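Take a moment to look it over, then follow the points topic by topic.

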Amino acid sequence: MTSLWSASPDVLRLNREPLWVEAGQDEHRLRRAEKDIRWLRNIGLVGWFIVLRGHGYELGLTPVWAVYAAGVSYASWAHYQAERTRNIRRLAVATTFSDPVLAGLICLVTGGIDSILYPFFYFTQMSVAIRFGVWESIGIAGFNCFLTVLIFFAEPLYSGDAGRATYLLLATKFFLLGFAGFMGAILAEWAREHASLILEHARTLRDSGDRYQAVLRRFAQVQEEERRNISSELHDRMSGHLFGLRQGIEQCQGGLDDRKALREKLGELEVTVRACTHDVRSIMNELRPTVLDELGFFEAASEHLARHSEIAAYRLSCRIDTRLRDWRSRQDAMLFRLLQEALLNIQKHAQASSVEVVLEPQGKDEVLLSIADDGLGFDPDKVPIGHYGLMTMRERAEAAGGRLSVEAGNGRRGTRIEVRLPRTES
């Protein structure tokens with residue numbers, strides 16, 4: 001069996017998304033990026049038109065306007081596909097290579113690498129960084145350099161015996177493309193790291209919400225269990241006493257004329273009332289020990305441990321520092337519940353042969369409650385679903401301003417739970 005120390009799948013669950021969730025988030029990000037880039041592409045084509053007209057390119061059946069018409073058709077197709085396609089990654093790859101080709105063609109017909117429209121190559125670098133990542137940005141920089149070489153040697157001015165100035169211009173373009181690629185890679189890495197950080201925060205918030213919901217469900221279950229236990233205890237203990245009292249009163253009222261018999265019956269009723277009172281006090285003490293309110297945690301824990309050692313199936317050793325005898329705090333009830341729950345979990349699940357309970361001050365600011373057993377232990381990464389003991393204890397400790405830590409292992413290494421609380425007096 002597994003110890004109930006391991007009781008919270010919500011607390012100990014690995015903070016990792018399934019692969020299909022991560023893939024879905026990546027596809028959503030890519031679709032969002034592609035929809036944003038299509039508007040940049042459309043704005044770029046409007047800018048091309050203005051630049052071409054401003055530099056004296058008259059409308060007509062010329063290579064310049066043929067390339068521009070092809071660009072408008074391509075942009076319209078990409079705009080439509082970004083809205084309708086199911087395979088957004090395939091579209092992103094296609095447009096990643098098509099954008100530089102379009103930029104290369106417009107440069108080819110408007111002056112080569114000296115074209116006023118050549119800076120649109122840098123736009124393609126940034127668009128890759130937005131869509132993908134570091135290596136894709138470096139790869140498209142190399143592709144842009146390849147297109148630049150083709151444009152360079154396609155121009156008659158640069159073919160053959162080109163001068164030093166033209167090759168220096170080509171080297172400058174390579175430098176600028178490499179610099180843009182490097183910036184794109186940095187931007188891609190920065191965006192990816194921050195996206196991972198945001199996703200991590202989202203997972204943490206969601207896990208906290210799941211944990212909170214699990215705590216609420218557990219508290220509701222505990223409340224119903226306590227009500228059921230109280231109902232059962234009252235029925236089992238009180239129904240017999242009340243039945244005896246009612247029957248004795250009816251006998252007294254009906255036919256006990258003999259004063260001696262009446263006194264005997266009243267004596268029986270008195271014994272029944274005393275037993276009823278004892279059971280009521282016992283139930284009240286189980287719900288909240290009166291000694292806890294009157295004398296504090298030290299006395300309540302000592303009494304509970306002494307009583308528990310008589311019925312436990314394991315050897316119980318206690319070490320409670322006498323310096324805490326007069327210590328009273330607002331955490332008394334919480335510590336007592338933690339102790340109760342820990343011992344109950346060990347008794348039900350740990351199969352331990354010995355248990356040690358230690359309560360001692362830690363410096364001037366903290367109090368340490370330690371419960372250790374030599375039972376089965378557990379694997380924190382393989383917590384059975386439906387167990388909430390550890391989660392409940394952790395929530396109690398944190399609510400009191402303390403912290404709870406667990407040391408556990410498989411085999412016979414056992415389990416140790418430590419609760420550290422601020423040593424505040426009340």
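Helix 5 (residues 120-131) and helix 6 (residues 134-154) pack with their axes 9 Å apart, at an angle of about 160°. Helices here are DSSP runs of H or I with at least four residues, strands are E runs of at least two, and both are numbered from the N terminus. Axes are lines fitted to C-alpha atoms, for helices over the stretch in contact, and angles run from 0 to 180 degrees between N-to-C directions. Keep in mind that this is a predicted model, where local features need pLDDT of at least 70, side-chain atom pairs count only at pLDDT 80 or more, and totals for chains, interfaces and linings use all residues. Residues are numbered from 1 along each chain as its sequence is written, and side-chain values use heavy atoms, with hydrogens and water left out.

**Helix 5 and helix 6**

- Helix 5 and helix 6 pack at about 160°, and that makes helix 5 roughly antiparallel to helix 6 (angles under 35 degrees count as roughly parallel, over 145 as roughly antiparallel, 65 to 115 as roughly perpendicular and the rest as oblique).
- Their crossing is right-handed; the word applies if the near helix is turned clockwise from the far one by less than a right angle, and left-handed if anticlockwise.
- On the helix 5 side, the residues that meet helix 6 are Phe121, Thr124, Gln125, Val128 and Ala129.
- Their partners in helix 6 include Ile140, Ala141, Asn144 and Leu147, where contact means heavy atoms within 4.5 Å.

- Leaving aside residues up to four places away in sequence, threonine 148 touches Ile113, Tyr118, Leu170, Lys173, Phe174 and Leu177.
- Isoleucine 106 is found in helix 4 (residues 88-108) and is buried too, with a relative accessible area of 0%.
- Among the residues that isoleucine 106 touches are Trp48, Leu52 and Leu117.
- Isoleucine 106 and alanine 66 are 40 residues apart in sequence, and their C-alpha atoms are 9.5 Å apart in space.

- Five strands form an open sheet in the order 1-2-3-5-4, with mixed pairing; two strands pair if DSSP finds at least two bridges between them.
- At the edges are strand 1 (315-320) and strand 4 (403-408), each of which pairs on one side only.
- Neighbouring strands of this sheet are turned by 10° against each other on average, direction ignored.
- Strand 1 and strand 2 (residues 354-362) run parallel and are joined by six bridges, and serine 317 stands opposite glutamate 356 in strand 2.
- Strand 2 and strand 3 run antiparallel and are joined by eight bridges, with proline 361 opposite valine 367 in strand 3.
- The hairpin of strand 2 and strand 3 has three residues between the strands, and there glycine 363 takes a positive phi near 70°.
- Strand 3 and strand 5 also pair in the antiparallel sense, over eight bridges, and arginine 420 in strand 5 is the bridge partner of leucine 368.

**Strand 3**

- Which residues point one way from strand 3, and which the other way? Glu366, Leu368, Ser370 and Ala372 point one way, while Val367, Leu369, Ile371 and Asp373 point the other way.
- In a regular strand the side chains alternate between the two faces of the sheet.
- Eight of the eight residues of strand 3 are buried, so this strand is largely enclosed by the rest of the structure.

**Helix 10 and helix 11**

- Helix 10 and helix 11 pack at an angle of about 15°, with their axes 10 Å apart.
- That makes helix 10 roughly parallel to helix 11, and their crossing is right-handed.
- Residues of helix 10 that meet helix 11 include Phe297, Ala300 and Leu305, and those they meet include Leu335, Phe336 and Leu339.

**Cysteines and the whole chain**

- The structure holds zero disulfides (a disulfide is a pair of cysteine sulfur atoms within 2.5 Å).
- Cysteine 276 is buried at 12% relative accessible area, whereas cysteine 318 counts as partly exposed at 42%.
- The chain has twelve helices and five strands, and 39% of its 426 residues count as buried.

Definitions and conventions: Buried < 20%, exposed > 50% of the residue type's maximum accessible area, 1.4 Å probe, protein only.
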